[in-house]
Amino acid sequence: MQAHTVRSAQARPKRKRVGRGDGSGKGTYSGRGMKGQKARSGGGVRPGFEGGQNPQIKGLPMLRGFKNPFRTEYQVVNVGRLASIPEDVTDITPPVLKANGMVRHADRPVKLLGGGEVERAFAVSGVKVTASARARIEAAGGSVEA
């Protein structure tokens, strides 16, 4: 094999030669129509040009800052609300919180915040807990499993 015999892997269609006489099928106006901005050499408009009207991209407010697409969105519950859970329930898990109407989704992450008072002992598991919430739960005789 020699350099002048190497062929491309892709088929390349022959280039249409315009402006080479009427017999070619692309003579006279060379497929550009008659007159106008797009018929001229170097004619046409830039991408996003809307005929002089204020372009949409300029009408949009500038987006500032950064929105992390990977952030974890927690359902939050204050420890003071745990008092409304029935007396016989001592284990706090996301399904228990859902059953008692404190969160909407049992399969999404939950976080306990330290707002309110805790009167009885709870065993909390499967839930993120803030430091103040952990202190209140443990002060009431409960436990928090990481």
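This is a predicted model: local features need pLDDT of at least 70, side-chain atom pairs count only at pLDDT 80 or more; totals for chains, interfaces and linings use all residues.

User: Why is Met-34 called exposed?

Analyst: Exposed means over 50% relative accessible area, buried means under 20%, and partly exposed lies in between (1.4 Å probe, protein chains only). Met-34 has 62% relative accessibility, so Met-34 counts as exposed. Met-34 is found in the segment before α1 (56-59). Its C-alpha atom is separated by 76 Å from that of Gly-114, 80 residues apart along the chain.

User: Is Thr-130 buried or exposed, and what makes it so?

Analyst: Thr-130 has 19% relative accessibility and therefore counts as buried. Thr-130 is found in the loop between β5 and α3. Contact means heavy atoms within 4.5 Å. Leaving aside neighbours within four places in sequence, Thr-130 is in contact with Lys-111, Leu-112, Leu-113 and Gly-114.

User: What makes Asp-91 partly exposed?

Analyst: The relative accessible area of Asp-91 is 47%, so Asp-91 is partly exposed. Asp-91 lies in strand β2 (residues 91-92). Beyond its neighbours within four places in sequence, Asp-91 is in contact with Val-96 and Ala-123. The C-alpha atoms of Asp-91 and Val-124 are separated by 5.9 Å, although these residues are 33 residues apart along the chain.

User: How do you know that β2 pairs with β4?

Analyst: Strands (E, at least two residues) and helices (H or I, at least four) are DSSP runs, numbered from the N terminus. Two strands pair if DSSP finds at least two bridges between them. Two bridges join β2 to strand β4 (residues 123-124), and the two run parallel.

User: What makes β1, β3 and β5 a sheet?

Analyst: Four bridges join strand β1 (residues 75-78) to β3, and β3 pairs with strand β5 (residues 128-129) over two bridges. The three strands form an open sheet in the order β1-β3-β5, and the pairing is parallel. The edge strands are β1 and β5, each pairing on one side only. Gln-75 stands opposite Val-110 in β3, and Lys-111 stands opposite Lys-128 in β5.

User: Which residues of β3 are on its covered face?

Analyst: In a regular strand the side chains alternate between the two faces of the sheet. In β3 (residues 110-113), Val-110 and Leu-112 make up the covered face, while Lys-111 and Leu-113 make up the uncovered one.

User: How many residues are in the largest nonpolar core, and what is meant by that?

Analyst: A nonpolar core is a set of buried Ala, Val, Leu, Ile, Met, Phe, Trp, Tyr and Cys residues joined through side-chain atoms within 4.5 Å. The largest one has 18 residues, and Val-79, Leu-82, Ile-92, Leu-97, Leu-112, Val-124 and Ile-137 touch the most other members. β3 and α3 (131-139) each supply at least two residues of this core. Leaving aside neighbours within four places in sequence, the contacts of Leu-82 include Ile-92, Leu-97 and Leu-112.

User: Why is the Glu-117 and Arg-136 pair called a salt bridge?

Analyst: A salt bridge is a side-chain nitrogen of Lys or Arg within 4 Å of a carboxyl oxygen of Asp or Glu. Glu-117 and Arg-136 meet at 3.6 Å, N to O. The pair links distant parts of the chain, with Glu-117 in the loop between β3 and β4 and Arg-136 in helix α3, 19 residues apart. Glu-117 is exposed at 52%, and Arg-136 is partly exposed at 32%.

User: How far apart are Glu-138 and Arg-134 in helix α3?

Analyst: Glu-138 and Arg-134 are four residues apart in helix α3, so they are separated by about one helical turn. They form a salt bridge, with the closest N and O atoms 3.8 Å apart.

User: What makes Lys-111 lie over the face of Tyr-74?

Analyst: A charge sits over a ring if NZ of Lys or CZ of Arg is within 6 Å of the ring centre and within 35 degrees of the ring normal. Lys-111 lies over the face of Tyr-74, at 5.4 Å from the ring centre.

Methods. Residues are numbered from 1 along each chain as its sequence is written. Side-chain values use heavy atoms; hydrogens and water are left out.
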